[in-house]
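Thanks for coming. Please have a look at the chain on the screen, and I will go through a few of its features.

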Amino acid sequence: MEGPIRLFTVIALVSLPTVMYGGYALMGVMRDRKLTEHQRSMFRAGHAHAGVLLVLALVALQILDRTGLSDGTLWIACFLLLFGVLAQSGGFFLHLAPGKGKLGGRVTSTGAVMLGAAMLTTAYGVAFP
């Protein structure tokens with residue numbers, strides 16, 4: 001493992017404790033009842049997506065490491081994974097801010113497109129080694 005795969009694997013692994021802390025913070029928010037039901041559901045969704053998508057990114061990175069894709073393509077796929085996870089989960093957190101619901105939806109959708117592109121790139125690398 002080297003180059004972009006190593007770098008982005010480290011980034012994903014270091015990011016996991018922040019998601020774990022988010023779970024702890026979520027318990028406090030739920031206990032204190034300082035948010036509306038909509039805000040709680042967006043916080044919960046953002047946190048859940050961040051954790052699941054980081055694990056997905058770690059799996060995809062391991063698969064990408066075994067493909068014959070060029071370094072340039074690997075860099076692109078890694079950036080799509082990282083920013084896709086950030087955008088997909090971050091969009092839910094934007095919903096927490098008053099008046100930012102539409103922006104949050106756009107950011108979440110952008111993240112989904114980025115992750116889809118990363119997965120299709122990974123699939124291409126597996127199908128055509």
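Helices here are DSSP runs of H or I with at least four residues, numbered from the N terminus. This is a predicted model, where local features need pLDDT of at least 70, side-chain atom pairs count only at pLDDT 80 or more, and totals for chains, interfaces and linings use all residues. Residues are numbered from 1 along each chain as its sequence is written, and side-chain values use heavy atoms, with hydrogens and water left out.

Start with Ala 117, which lies in helix H4, residues 101-127.

Next, helix H3. Phe 79 sits in H3 and is partly exposed, because its relative accessibility is 38%. Phe 79 also belongs to a nonpolar surface patch of about 460 Å², together with Leu 7, Trp 75, Phe 83 and Leu 86. Helix H3, residues 71-94, gives the largest share of that patch, 4 residues. A patch takes residues with over 30% relative accessible area and no salt bridge, and joins nonpolar side chains (Val, Leu, Ile, Met, Phe, Trp, Tyr) within 5 Å and like charges within 9 Å. A salt bridge is a side-chain nitrogen of Lys or Arg within 4 Å of a carboxyl oxygen of Asp or Glu. Areas come from the Shrake-Rupley method with a 1.4 Å probe.

Key:
Helix = DSSP H or I, 4+ residues; strand = E, 2+ residues; numbered from the N terminus. Buried < 20%, exposed > 50% of the residue type's maximum accessible area, 1.4 Å probe, protein only.
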